[in-house]
Amino acid sequence: MLGLLAATDARWATEAAADLDGVLRDHAHCEMKAASHALSLAARHPDDLVIVRKLVALAQEELEHFRRVIEILSARGIALGAPPVDAYAAALRDRVAKLPPDRNVGERALLVDRLLVCALIEARSCERFKLLGEALHADHELVAFYKELFAAEARHFREFVDLAASVSTIEAVDARLAVIASVEAEIVRASSASPARATIHG
């Protein structure tokens with residue numbers, strides 16, 4: 001799915017459904033972090049208004065998702081709480097930052113890597129939302145919500161890849177995406193050896 005090379009362990013959906021309050025809290029924080037990260041990337045590249053405008057639009061959509069999850073929390077009497085550490089996203093960014101730069105990508109290789117990391121995080125979220133919606137089949141409100149977000153995350157994946165291609169070439173970006181996807185898969189497989197956590201990225 002969307003360039004992912006490893007599937008989520010089936011235990012994740014079971015644990016997520018068993019601690020739905022925790023998953024919803026974590027989901028809210030994930031949306032807020034996604035918005036913040038998009039704005040941070042925009043701030044790092046102020047001279048490219050095409051990139052800035054696209055990232056701002058993505059941030060606005062992520063904030064809207066955050067607002068909607070907050071409404072769900074409020075309606076269900078669930079406190080937001082402090083943000084849990086997203087070990088998956090931190091590990092992916094750290095390991096990709098240590099990869100040798102790809103000269104085929106061009107002079108904006110660092111930006112391309114950051115955009116592709118965002119793309120894969122969106123792809124993983126997309127996969128998890130699909131699994132979560134299936135696990136919560138009796139909760140019609142959340143099933144509809146996660147079905148909608150499944151489509152949104154898939155679109156975000158494509159938008160980040162397209163942004164990367166706009167500052168390089170699609171051939172170079174596709175090749176780099178495969179490299180980063182292999183790193184992402186290693187992280188996901190390693191996390192499967194530990195007990196599943198009731199968070200969006202497990």
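Reply: A crossing of two helices is right-handed if the near helix is turned clockwise from the far one by less than a right angle, and left-handed if anticlockwise. Please note that this is a predicted model.

Me: Which hand does the crossing of α5 and α7 have?

Reply: The crossing of α5 and α7 is right-handed.

Me: At what angle do the axes of those two helices cross?

Reply: The axes of α5 (residues 109–135) and α7 (residues 170–191) cross at roughly 50° and come within 10 Å. Angles from 65 to 115 degrees count as roughly perpendicular and those under 35 as roughly parallel, so α5 is oblique to α7.

Me: Which residues make the contact?

Reply: From α5 there are Val 112, Asp 113, Leu 116, Val 117, Leu 120 and Arg 124. From α7 there are Val 173, Arg 176, Leu 177, Ile 180, Ala 181, Glu 184 and Val 188. By class, nine residues of this contact are nonpolar, four are charged and none is polar.

Me: Now α4. How is it placed against α5?

Reply: Helix α4 (residues 87–97) packs on α5 at an angle of about 150°, and the axes are 10 Å apart. Because angles over 145 degrees count as such, α4 is roughly antiparallel to α5. The crossing of α4 and α5 is right-handed.

Me: And which residues are in that contact?

Reply: Helix α4 contributes Tyr 88, Ala 89, Leu 92, Arg 93 and Val 96, while α5 contributes Asp 113, Val 117, Leu 120, Ile 121 and Arg 124. The contact of α4 with α5 has seven nonpolar and three charged residues, with no polar ones.

Me: What does Ser 125 touch, leaving aside neighbours within four places in sequence?

Reply: With those neighbours left aside, Ser 125 is in contact with Glu 153, Ile 200 and His 201.

Me: On to the cysteines. How many disulfides are there?

Reply: The count is zero, with a cut-off of 2.5 Å between cysteine sulfur atoms.

Terms used
Residues are numbered from 1 along each chain as its sequence is written. This is a predicted model: local features need pLDDT of at least 70, side-chain atom pairs count only at pLDDT 80 or more; totals for chains, interfaces and linings use all residues. Side-chain values use heavy atoms; hydrogens and water are left out. Axes are lines fitted to C-alpha atoms, for helices over the stretch in contact, and angles run from 0 to 180 degrees between N-to-C directions. Helices (H or I, at least four residues) and strands (E, at least two) are DSSP runs, numbered from the N terminus. Contact means heavy atoms within 4.5 Å. Ala, Val, Leu, Ile, Met, Phe, Trp, Tyr, Cys and Pro count as nonpolar, Asp, Glu, Lys and Arg as charged, and the others, Gly among them, as polar.
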